[in-house]
Amino acid sequence: MQSIGSHTVYGVEVGPETRCAHYDTDRDVVAFKFACCERYYPCFRCHEEATEHEAVPWPRGRFDEPSVL
């Protein structure tokens, strides 16, 4: 878990720029909000490891809301 501004990013070994144990290159500086739990994760693998529910991607009906950090 890592605080990024006013948001918390959950996952496995999340660093200060949202890199995680699964994606750790210079380009991996993003976190996605999952609609199922309204939490940010660096990747789908982090979501799988940190939760006990199926991932639900951000729905088209909510594309006007921020979902990428």
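Visitor: What lies over the face of Tyr 10?
Guide: Arg 39 does, at 4.0 Å from the ring centre. Keep in mind that this is a predicted model.

Visitor: And how many aromatic pairs does the structure hold?
Guide: Two. One joins Tyr 10 and Tyr 41, with ring centres 6.0 Å apart. The planes of Tyr 10 and Tyr 41 meet at 45 degrees, so that pair is tilted.

Visitor: Where do Tyr 10 and Tyr 41 sit in the chain?
Guide: Tyr 10 is in the loop between strand 2 and strand 3, and Tyr 41 is in strand 4.

Visitor: Is Tyr 41 buried or exposed?
Guide: Buried, at 1% relative accessibility.

Visitor: How are the rings of Phe 34 and Tyr 41 arranged?
Guide: Their centres are 5.6 Å apart. The planes stand at 85 degrees, and angles over 60 count as edge-to-face, so this pair is edge-to-face. Phe 34 is buried as well, with 9% relative accessibility.

Visitor: Which residues do the ring pairs link into a cluster?
Guide: Tyr 10, Phe 34 and Tyr 41.

Visitor: Switching to backbone. What is phi of Glu 38?
Guide: Near 60 degrees, a positive value in a residue other than glycine. Glu 38 belongs to the loop between strand 3 and strand 4 (39-41). Its relative accessibility is 37%, so Glu 38 counts as partly exposed.

Visitor: And Thr 18, what is its phi?
Guide: Near 70 degrees, again positive in a residue other than glycine. Thr 18 is in the loop between strand 2 (7-9) and strand 3 (32-34).

Visitor: Why does Thr 18 count as buried?
Guide: Because its relative accessible area is 5%, and buried means under 20%.

Visitor: Now Thr 51. Where is its place?
Guide: In the segment after helix 1 (44-50). Thr 51 is buried, with a relative accessible area of 14%.

Visitor: Which backbone oxygens does the side chain of Thr 51 reach?
Guide: One belongs to His 47, at 2.7 Å. Another belongs to His 53, at 3.5 Å.

Visitor: What does UniProt list for residues 20-60?
Guide: The record, an unreviewed entry, gives "domain: CHY-type" for that span. In the model, residues 20-60 are 17% helix and 15% strand.

Visitor: How far apart are the end C-alpha atoms of residues 20-60?
Guide: They lie 26 Å apart.

Notes:
Residues are numbered from 1 along each chain as its sequence is written. This is a predicted model: local features need pLDDT of at least 70, side-chain atom pairs count only at pLDDT 80 or more; totals for chains, interfaces and linings use all residues. Side-chain values use heavy atoms; hydrogens and water are left out. Helices (H or I, at least four residues) and strands (E, at least two) are DSSP runs, numbered from the N terminus. Buried means under 20% relative accessible area, exposed over 50%, partly exposed in between (1.4 Å probe, protein chains only). A polar contact is a pair of N or O atoms within 3.5 Å; within protein, one must be able to donate a hydrogen and the other to accept it, and residues adjacent in sequence count only if both atoms are side-chain atoms. UniProt positions are given in the numbering used here, feature names are shortened, and annotations may be inferred rather than shown by experiment. Rings of Phe, Tyr and Trp (its six-membered ring) pair if their centres lie within 6.5 Å; planes under 30 degrees apart count as stacked, over 60 as edge-to-face and the rest as tilted. A charge sits over a ring if NZ of Lys or CZ of Arg is within 6 Å of the ring centre and within 35 degrees of the ring normal.
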